[in-house]
Amino acid sequence: MTLPVLILGSLATYRLALLITEDRITYPLRALFGVRRDGDAEIVPETWGAYLVTCIRCVSVWAALAVALAFERPGGAEWAALPLAFSGGAIAIDSWVRRR
């Protein structure tokens, strides 16, 4: 594995895991596991399922598997990993800029 592939895969994994655990667009998925909204905050019940869909470290394992499988398909990095990696990079840059 080359360094660029490792970086690309890591950024794509980060973005996919963040998308599942925190983004508003996937709230309905988290709601299936009992997570509910209270204004801008999410209330996470003490259940295994709710923990699983809100823990970025847990989801990142499965996200990494999906990204790795995408890399194995011809063109998979281009259609799946690149957009996620670019999005992850943009979020990282945005976080860095906002802290300044």
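Colleague: What kind of link do the side chains of Asp 40 and Arg 24 meet in?

Modeller: Charges first: side chains of opposite charge can pair when their charged atoms come close. Here Asp 40 and Arg 24 meet in a salt bridge, at 3.8 Å from N to O; the term means a side-chain nitrogen of Lys or Arg within 4 Å of a carboxyl oxygen of Asp or Glu. Bear in mind that this is a predicted model, where local features need pLDDT of at least 70, side-chain atom pairs count only at pLDDT 80 or more, and totals for chains, interfaces and linings use all residues. Residues are numbered from 1 along each chain as its sequence is written, and side-chain values use heavy atoms, with hydrogens and water left out.

Colleague: Which parts does the pair tie together?

Modeller: Asp 40 sits in the loop between β1 (36-38) and β2 (41-43), and Arg 24 in the loop between α1 and α2 (27-31), so the pair ties together parts 16 residues apart in sequence. Helices (H or I, at least four residues) and strands (E, at least two) are DSSP runs, numbered from the N terminus.

Colleague: Are Asp 40 and Arg 24 buried or exposed?

Modeller: Both Asp 40 and Arg 24 are exposed. The scale is relative accessible area: buried is under 20%, exposed over 50%, partly exposed in between (1.4 Å probe, protein chains only).

Colleague: And how many salt bridges does a search of the whole structure find?

Modeller: Five. One of them pairs Arg 30 with Glu 42, whose closest N and O atoms are 2.7 Å apart. That pair links distant parts of the chain, with Arg 30 in helix α2 and Glu 42 in strand β2, twelve residues apart. Arg 30 is buried, at 0% relative accessible area, while Glu 42 is partly exposed at 23%.

Colleague: Now the inside. Which residues make up the largest nonpolar core?

Modeller: In soluble globular proteins, nonpolar side chains tend to be buried together. In this model the largest nonpolar core has ten residues, including Leu 8, Leu 16, Val 59, Val 67 and Leu 84; such a core is a set of buried Ala, Val, Leu, Ile, Met, Phe, Trp, Tyr and Cys residues joined through side-chain atoms within 4.5 Å. Two or more residues come from each of α1, α4 and α5 (76-99), and α1 gives the most, with four.

Colleague: What is Val 67 in contact with, beyond its neighbours within four places in sequence?

Modeller: Gly 9, Ala 12 and Thr 13, where contact means heavy atoms within 4.5 Å.
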